[in-house]
Amino acid sequence: MTWSYFLRRLLMFVLVVFTAATINFVLPHLSGRDPVGEAIRQQIAGQGLNANQGAMMYKTMTHVFGLDQPLWKQYLTYLKSVATFDFGYSIQNYPRKVMDIVIARARMTLPFLVLGIFISFIGGILLGAFLGWNKTPRWISNILVPPMLVFSSVPQFLVALVLLFVVSFKWRLLPLGGAYDVTLNEDWTSIKFILSYAQHAILPILSIVFVSASGWALGMRAMMVTVEGEDYTTFAEAKGLKTSRIFFRYLLRNAMLPSLTGLAITIGFIVTGSAVTENYFNYNGLGLTLGTAIGVFDYFMMYGIITIMVMSIALATFVMEMIYPLLDPRISYRAQRG
Amino acid sequence: MKGFWEYIKRNPMLGIGMFFLIALLCFTLIGRLFIEKNLAYKMTVDSNQAPSEKYPFGTDAQGRNLLAIMVYGTGMTLEIGAIAGGIGLTTGILLGFITGYFGGGILDMIITGIVDIFLTIPSFLILILVATTFKNITLTPPTMGLVVGFVSWAGPARSIRAQVLSMRERPFIMMAKLSGMGSFEIIMKELVPNLLPFLVMSLSQAVYGGLMASLGLEALGIGSRREPTMGMTFFYLNYYSAFMIGDWWWIVEPVTVIVMTLVSLVLMSIGLDEIANPRARRKA
């Protein structure tokens with residue numbers, strides 16, 4: 001790995017976060033919507049907030065967020081707050097800070113999301129490699145590929161709906177929603193809580209796996225065919241290597257490189273997709289919080305969650321780009337073309 | 001015509017995709033002749049009715065006739081996809097040809113850099129922010145298409161640029177240059193016709209991307225709550241907990257329509273890819 005490669009990627013990471021943050025800042029000013037005022041008026045109308053209290057809250061909020069300052073100063077303050085992960089207060093849950101809520105909710109989202117991505121990637125790669133292998137009977141491919149094609153082309157929440165309908169509604173096997181049993185408190189040391197969490201996480205994980213593993217398997221299957229035609233494979237066969245060694249070391253390892261380079265973008269899709277999915281499971285994580293914040297136009301909550309998501313995805317991309325050259329030495333020498 | 005059928009036999013993916021899409025278009029266009037549009041809006045029929053002779057597709061919790069929602073909603077959803085895909089592809093073509101054909105300069109570097117940034121930012125998140133700056137009521141299907149199109153140009157721009165870059169070095173372009181053709185003439189007369197299958201494939205991909213994005217937004221409740229689009233149907237069936245009331249028909253119908261739409265676009269992309277890139281043929 002060269003220094004210029006590292007610096008270029010680091011610059012990219014900073015630019016991505018900066019661009020996203022700037023779009024966040026510019027949009028409300030362009031639209032002329034007054035998020036604080038609108039949200040507070042909604043609170044007054046919907047939840048019986050007293051009008052005087054509302055006016056006070058409005059004044060504090062505009063001051064806290066520096067909305068009474070000149071525009072360039074607002075922008076600088078805003079960039080500083082993004083850099084320090086301070087997104088102000090949630091309007092809906094007023095005294096609570098956005099970042100506190102984000103951390104609390106991410107505890108619900110991260111375990112199932114990470115597990116889902118992990119299972120999908122490993123499962124998809126292995127399944128795709130198996131289907132694309134020239135020693136696998138063709139009928140297995142003929143049966144599995146059409147449903148995989150359907151799963152990989154629909155949004156995650158749609159698969160979630162079908163799973164909920166069949167598994168929870170028809171067969172009554174799993175709960176219809178929620179992140180854990182309502183009678184329990186969130187306590188990660190209690191076995192009972194963790195079991196309940198796991199039970200509620202099965203369907204969300206399955207909806208990630210159905211969609212993403214299918215996509216990875218299809219891509220992997222196509223790559224296997226290409227790799228099987230390469231000279232080094234013929235050479236390995238001619239040397240009389242063991243079949244398992246050819247499969248794992250020669251075919252699988254080389255065929256999975258494109259899937260690895262695309263991993264960061266795919267993870268972005270999975271994260272945003274499961275944010276929507278959470279709303280269908282009534283799963284109390286980041287995605288449902290985002291959905292609720294959109295519903296009541298809790299602007300600071302919304303942009304806090306979105307900025308954190310953009311940052312994590314950009315960070316994942318950055319980390320992976322640091323790992324690629326180790327997996328595929330050709331990457332670091334490739335010029336930035338095309 | 002005979003040649004077309006012969007070709008479809010060799011490229012069944014394209015055939016099946018086109019068949020699904022045409023079937024959906026027929027459903028929404030012919031359905032319009034038999035059912036009134038206002039039945040797709042709130043409180044026009046009895047609520048939560050299972051499919052019967054009177055309501056062949058059943059009704060939802062808001063008192064809307066699901067047959068009308070399916071007929072008009074399919075059209076609206078396809079409209080959103082078409083507008084978003086059209087805008088995304090047009091912008092993508094413009095940027096792709098500029099950076100690919102006149103590549104190497106400072107302009108190429110700037111545009112390619114911006115495209116790279118926008119490919120790394122998950123566009124769906126930006127889309128949420130863009131869409132929420134509008135009031136929900138103003139996000140009618142055409143506006144929704146415009147908004148989604150606004151963020152879906154980065155992918156087409158990059159893939160078209162790569163295609164133009166590789167084609168620019170081919171002998172027949174050199175020949176055209178030597179024979180004194182202008183840049184614009186070369187692009188229109190030599191590059192575009194040769195890239196046509198690829199551009200059509202990009203269009204089908206862009207429409208697919210636009211549909212996915214708009215469905216996600218609407219499933220979160222962003223969009224005109226009044227219009228009976230497919231995405232809004234998904235939002236409402238969650239909002240009114242269709243599972244709890246047991247309205248299975250309310251879930252099965254939009255899922256079927258959307259699966260058909262998306263799968264047809266993906267199949268068409270694969271089929272068109274085979275035309276654009278014949279070497280892929282031996283793979284599948």
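Glu227(B) counts as buried, with a relative accessibility of 11%; here buried means under 20% relative accessible area, exposed means over 50%, and partly exposed lies in between (1.4 Å probe, protein chains only). The side chain of Glu227(B) meets that of Arg226(B) in a salt bridge, 3.6 Å from N to O. The term salt bridge stands for a side-chain nitrogen of Lys or Arg within 4 Å of a carboxyl oxygen of Asp or Glu. Arg226(B) itself is partly exposed, at 48%.

A few words on the model come next. This is a predicted model in which local features need pLDDT of at least 70 and side-chain atom pairs count only at pLDDT 80 or more, while totals for chains, interfaces and linings use all residues. Residues are numbered from 1 along each chain as its sequence is written, chains are lettered from A and ligands numbered from 1 in the order in which they are written, and side-chain values use heavy atoms, with hydrogens and water left out.

Let us look at chain B as a whole. Chain B has 12 helices and 0 strands, where helices (H or I, at least four residues) and strands (E, at least two) are DSSP runs numbered from the N terminus. Of its 284 residues, 52% count as buried. The C-alpha atoms of chain B fill a box of roughly 70 × 50 × 30 Å along the principal axes.

| Pair | Closest N to O |
|---|---|
| Arg158(B) and Asp116(B) | 2.3 Å |
| Glu185(B) and Lys189(B) | 3.2 Å |

Glu185(B) and Lys189(B), in contrast, both lie in helix 9 of chain B, 4 residues apart, or about one turn of the helix. Glu185(B) is partly exposed at 32%, and Lys189(B) is exposed at 54%.

Now to the meeting of the two chains. In chain B, 48 residues are in contact (heavy atoms within 4.5 Å) with 48 residues of chain A. The area buried between them is about 4200 Å², and carbon and sulfur atoms give 79% of it. Buried area is the accessible area (1.4 Å probe) that two parts lose on being put together, summed over both. Leu125(B), Leu129(B) and Phe243(B) supply 16% of the area that chain B buries against chain A, more than any other three residues. Between the chains there are 0 salt bridges.

Thr120(B) belongs to helix 4 of chain B and is buried at 19%. Its side chain reaches the backbone oxygen of Asp116(B) at 2.9 Å. Leaving aside neighbours within four places in sequence, Thr120(B) is in contact with Met12(A), Val16(A), Ile313(A) and Thr317(A).

Val130(B) is part of helix 5 of chain B and is buried at 7%. Not counting residues up to four places away in sequence, Val130(B) touches Leu27(A), Val147(B) and Phe150(B). The C-alpha atoms of Val130(B) and Glu253(B), 123 residues apart along the chain, are separated by 30 Å.

Notes: A polar contact is a pair of N or O atoms within 3.5 Å; within protein, one must be able to donate a hydrogen and the other to accept it, and residues adjacent in sequence count only if both atoms are side-chain atoms.
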